[in-house]
Amino acid sequence: MVRLPYLDGFYELHPSKIVALARNYAEHAKEMNSDVHKKPVFFLKPPSALIGPDEPIILPGMSKRVDHEVELAVIIGKRANRIPKEKAMDYVLGYTVILDITARDLQAEARERGLPWTIAKGFDTFAPIGPRVVDKRELSIDDLEIGLKVNGQLRQLARTSEMIFKVQEIIEYVSAIMTLEPGDIIATGTPAGVGPLRHGDRVEAWIEGIGKLEEDVLAEKMGNKHQ
Ligand code: MG
């Protein structure tokens, strides 16, 4: 169970699902050779993939290429079913930083064979989150710096204003398909600059006004298992 600082106390994360946007920044869609779609494209990550700040990301032995993707996470505060975008923000509790860790080789194989991304996106530790939850009343998310470094080297740097589908539109679209429950998490897509992680790496991911999430990366074959 992951617990993050929130207001004067803590917020326990118990999502029924993690909804994750694909290609929501044009530059990232370009680097993945994907078209930008007219409607949001999303998939689900299992809540079992969540880890808190300073828990290691474990590189699974089944993959030879695991990538980082830094994303703004939206936490749902109220049951949301068929919500128009004008009302969408009433259903938001707050924000944090999430990494949509991806086994890129397994994703490429799935794309090629027309199979779902469940495996590529779903390993344990593939959804680091934190360092805290910021209440929606404390932060406007329209234009924030979002970035990621590996071992001190800048890999991703963009602004949330570059998102193709805004949070309100994402909530409208997703809630017309599946009810969003309190605690559910929406990962709003990653900007350009995704790249591989290796055993021993140190990842720093941040969003202006939220803070910095830091994680170590360990290879499963070195005897590391997520507890
Ligand atoms: Mg992603």
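Trainee: Which residues are buried in helix 4?

Mentor: Before that, a word on the source: this is a predicted model, where local features need pLDDT of at least 70, side-chain atom pairs count only at pLDDT 80 or more, and totals for chains, interfaces and linings use all residues. Residues are numbered from 1 along each chain as its sequence is written, and side-chain values use heavy atoms, with hydrogens and water left out. Now the terms: helices (H or I, at least four residues) and strands (E, at least two) are DSSP runs, numbered from the N terminus. Buried means under 20% relative accessible area, exposed means over 50%, and partly exposed is in between, using a 1.4 Å probe and protein chains only. In helix 4, the buried ones are Val167, Ile170, Ile171, Val174 and Ser175. They sit on the same side of helix 4, because they cover an arc of only 110° around the axis. That arc is taken from the directions from the helix axis to the C-beta atoms.

Trainee: What do the buried residues of helix 4 pack against?

Mentor: Contact here means heavy atoms within 4.5 Å. By that rule they pack against strand 3 (18–22), strand 4 (41–45), strand 8 (70–76), strand 9 (92–99) and strand 14 (185–187).

Trainee: And Ser175, what does its side chain reach?

Mentor: For that, you look for a polar contact: a pair of N or O atoms within 3.5 Å; within protein, one must be able to donate a hydrogen and the other to accept it, and residues adjacent in sequence count only if both atoms are side-chain atoms. The side chain of Ser175 reaches the backbone nitrogen of Ile83 at 3.0 Å. Ser175 has a relative accessible area of 1%, so it counts as buried. Leaving out residues up to four places away in sequence, Ser175 touches Ala80, Asn81, Arg82, Ile83 and Leu180.

Trainee: Which residues coordinate the magnesium ion?

Mentor: Donors are N, O and S atoms within 2.8 Å of the metal (3.2 Å for Na, K and Ca); water is not among the atoms, so sites may look incomplete. Here the magnesium ion is coordinated by Glu69 (OE), Glu71 (OE) and Asp100 (OD), at 2.0 to 2.1 Å. Along the chain, the donors follow the spacing E-x1-E-x28-D. Glu69 and Glu71 are both buried.

Trainee: How many aromatic pairs are there in the whole structure?

Mentor: Rings of Phe, Tyr and Trp (its six-membered ring) pair if their centres lie within 6.5 Å; planes under 30 degrees apart count as stacked, over 60 as edge-to-face and the rest as tilted. The search finds four pairs. In one of them, Tyr6 and Tyr11 have ring centres 5.9 Å apart and planes at 80°, so that pair is edge-to-face. Another, Phe43 with Trp117, is tilted, with 5.4 Å centre to centre and 55° between the planes. This pair links distant parts of the chain: Phe43 is in strand 4, while Trp117 is in the loop between helix 2 (104–113) and helix 3 (118–122), 74 residues apart. Both Phe43 and Trp117 are buried.

Trainee: Which residues of helix 2 are buried?

Mentor: Arg104, Leu106, Gln107 and Ala110. They cover an arc of only 160° around the axis, which puts them on the same side of helix 2. The face turned away from that buried side carries the exposed residues Glu112 and Arg113. Just after helix 2, Gly114 takes a positive phi of about 70°.
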